[in-house]
Amino acid sequence: MKNFALFSLFVLCALWADAQEPASYVNPFIGTTNYGATYPGAVMPHGMVSVVPFNVTPHKGNEYSNTDSWCSNPYVYNNEWMTGFTHVNLSGVGCPDLGSIIVMPTTGELNVDVNEYGTTISDEKARPGYYSTKLNRYNILAEVTATMRSGISRFTFPEGKANILIDLGHGLTNESGAHIKRVSDNEIEGYKLMGTFCYSPQSVMPVYFVVRIKRDNMQSGYWKFQDKLPGARHNWSSTSDTYKLYKRYNKELSGEKIGTYFSFDATEGEQVEVQVGVSYVSIENARENLDAEQTNLSFEQIKKQAYVTWNDELKVIEVEGGTYDDKVKFYSALYHLLLHPNILQDVNGQYPAMESDAILSLDNQDRYTVFSLWDTYRTVHPLISLLYPEKQLDMVRTMVDMYKESGWLPKWEIYGREAHVMEGDPALIVIADTYRRGLTDFEVETAYEAMLKHANTVDNHFLRHDNDFYLENHYIPFLKDYDNSVSQALELYVADYNLALMASEMGDKTTYKKAMQRSLGYRNYFDKEFKLLRPVTEEGKFMEGFDPVQGENFEPVHGFHEGTSWQYSFAVPHDVKGLMRLMGGKNKFVQQLNKCFKDSLFDMSNEPDMGYPYLFNYSSGDEWRTQKQVHDCINRYYKNSPDGLPGNDDTGTLSAWLIYSMMGIYPVCPGDMNYTLSSPVFDKVTIHLNKEIYKKEKIIIEADRKSVNDIYIKGIEINGSPYNRYFISHKDLIELGHIKYKLGAAPKQ
């Protein structure tokens, strides 16, 4: 009877889990350690504002900090000391920025020193659009939620003296300087300089804010850290080299380590709400955003609205079967996919123009920002094109508008500024891939004009600084130690391949021929001795002293960017068959590729090699290796835990890989409209399509298996008919719409 009762309970739990809404499976703590660089705070899909616990201030108990170690995220799960809630943040990036406009509640005597007023936290809870925790030192319950352009915090105080600090003096940004002004007894306004992302000195922008505290009868003032005065003047001043409180000065204040405080006597259990509106255009717009999105709404209403919005977005995919952890990993990945790019326009449609001081406006369209395109062209944008094509169209429209405003398409854009991060010319790839998926409702002629300018400009190129040699010789030479020559060229080959495809669509035969020829220039780097890619000098000779494993663990490396030759040598997705021939045929190709996994030369967190598990599908008879390696990667590198990502999520790139892989399809080469196939994790996946764009209602992917360990494909059916290929076109996937896998145990090897 006991066993029967336990079995019945298990069945009920399983049925309950299957009946849950998608948002209930999201674990926002996934990726908050192991350099995943995600955060558990409250945010809306593609939201401008995110309210996030900031716990990377240097302090005992904080293993990672914003000054003492490399830390690009505002929150690390295993850190112990937090100093407030930030309101502008980046998710899954590899360089620190934003993490500012910090609100911190305290109790007792006023203390504005960030090195002293922090606290440990406990009882953390997070779900889409909501986060809460207990501030142990102050016995305060802190809860936060968000709208698209504003955040709201609710602090429940114990009886006694209470304070709310608005700190503009620390965060993740590499920029300095802020301005603040008291508007009324419970409202302030101002701006904080942000930027220098990845230490690009001109990538600077202001973020404007309005902070409103929903309480009366408060004392308030400013603070500013005073530098140490020289010589004897230090001894004569009571505020030299410390924080100075401005209790009677009520005008405006500017500086670096500045802030404002509000103090009051709290009753037991008193709840005080703090509203923050944000804009990248003006203070007036920040206030308008706040009023438009929070007026007449309670904290609970905003919290519920955020959750419902997230749930509706996540419903685009339904999964059945698999374990509870499988569902958590899947929907958490879909959640992370939808954080970036995020909207930039205010409620009135205004936004800052690209690389300009101009303020422009638009109607009935979202203006997006944070285009980490070197990362996202591989998985994020093809997946958004499938799941949310209306968003992808607005993203491409944004990119074309950026060209019209600045003269160039973006590479790694952040809030209207180009950061020049990583390699290649990825905007060409995203535009061509989007167009070829049938999403053509953008200014195609202007986009193609921009693509041609990027490809053909030699002098004063904003993004490609070695384009003259590349256009003539079809490779980039090794010129100095630790350059990124091979990595840059490999990215340009994929860009040229996509330019060629776009030229074909546009009827431009001359460009098609030239770009396709350039895209095969990777052959210049192929070393038959190592069967790997190796840097080449201007004279066309291989670089001496080549070490194919140099570059592991981010060590400096000749010719490659943040990776080894092994992690780049198969990164020619547009010509896998050609690479196979260079290596001596499919057996040598498979042998070399298999060595990557067997000898731990593969890095799941590195974008250039993230498609490696799928390359076995190009060798007939070895497709089972793809199924094996894909499932091994899913289980080895992705978990339902804070360390559940293999590295920086890179604005959703690693999460998008997981979504594809758990569904059993993957776009090996953007621009190429073929998905390659593997075995899905779930028994059934239903993708609900945008019927206005794709004219179909859904795609169904099913798996018939006897055991959860059956991951090997024994047969494939498309719409009930046998299918003997491991590739399916985007068009057929949409129009035929039903893949069924017969799965079984491992094949004989």
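How many disulfides does the count come to? The count comes to one disulfide, where a disulfide is a pair of cysteine sulfur atoms within 2.5 Å.

Before you start clicking, note that this is a predicted model: local features need pLDDT of at least 70, side-chain atom pairs count only at pLDDT 80 or more, and totals for chains, interfaces and linings use all residues. Residues are numbered from 1 along each chain as its sequence is written, and side-chain values use heavy atoms, with hydrogens and water left out.

**Stop 1: the disulfide**

Select Cys 95 and Cys 198, whose sulfurs are joined at an S to S distance of 1.9 Å. Cys 95 is in the loop between strands E4 (85-86) and E5 (102-107), and Cys 198 is in the loop between strands E12 (187-195) and E13 (204-213), so the pair ties together parts that are 103 residues apart in sequence. (Helices, H or I with at least four residues, and strands, E with at least two, are DSSP runs numbered from the N terminus.) The S-S torsion of Cys 95 and Cys 198 is about 95°, so this disulfide is right-handed.

Cys 95 counts as buried at 10% relative accessibility, while Cys 198 counts as partly exposed at 22%. (Buried means under 20% relative accessible area, exposed over 50% and partly exposed in between, with a 1.4 Å probe and protein chains only.)

**Stop 2: two tyrosine pairs**

Next, select Tyr 475 and Tyr 525. A search of the whole structure finds 37 aromatic pairs. Tyr 475 and Tyr 525 form an edge-to-face one, 6.0 Å centre to centre with 90° between the planes. (Rings of Phe, Tyr and Trp, its six-membered ring, pair if their centres lie within 6.5 Å; planes under 30 degrees apart count as stacked, over 60 as edge-to-face and the rest as tilted.) Both Tyr 475 and Tyr 525 are buried.

Move on to Tyr 660 and Tyr 666, an edge-to-face pair at 5.9 Å centre to centre and 80° between the planes.

**Stop 3: helix H17**

Just after H17, Gly 664 takes a positive phi of about 95°.

**Stop 4: a charge over a ring**

Finally, select Lys 453 and Trp 408: the charged end of Lys 453 sits over the ring of Trp 408, 4.3 Å from its centre. (This needs NZ of Lys or CZ of Arg within 6 Å of the ring centre and within 35 degrees of the ring normal.)
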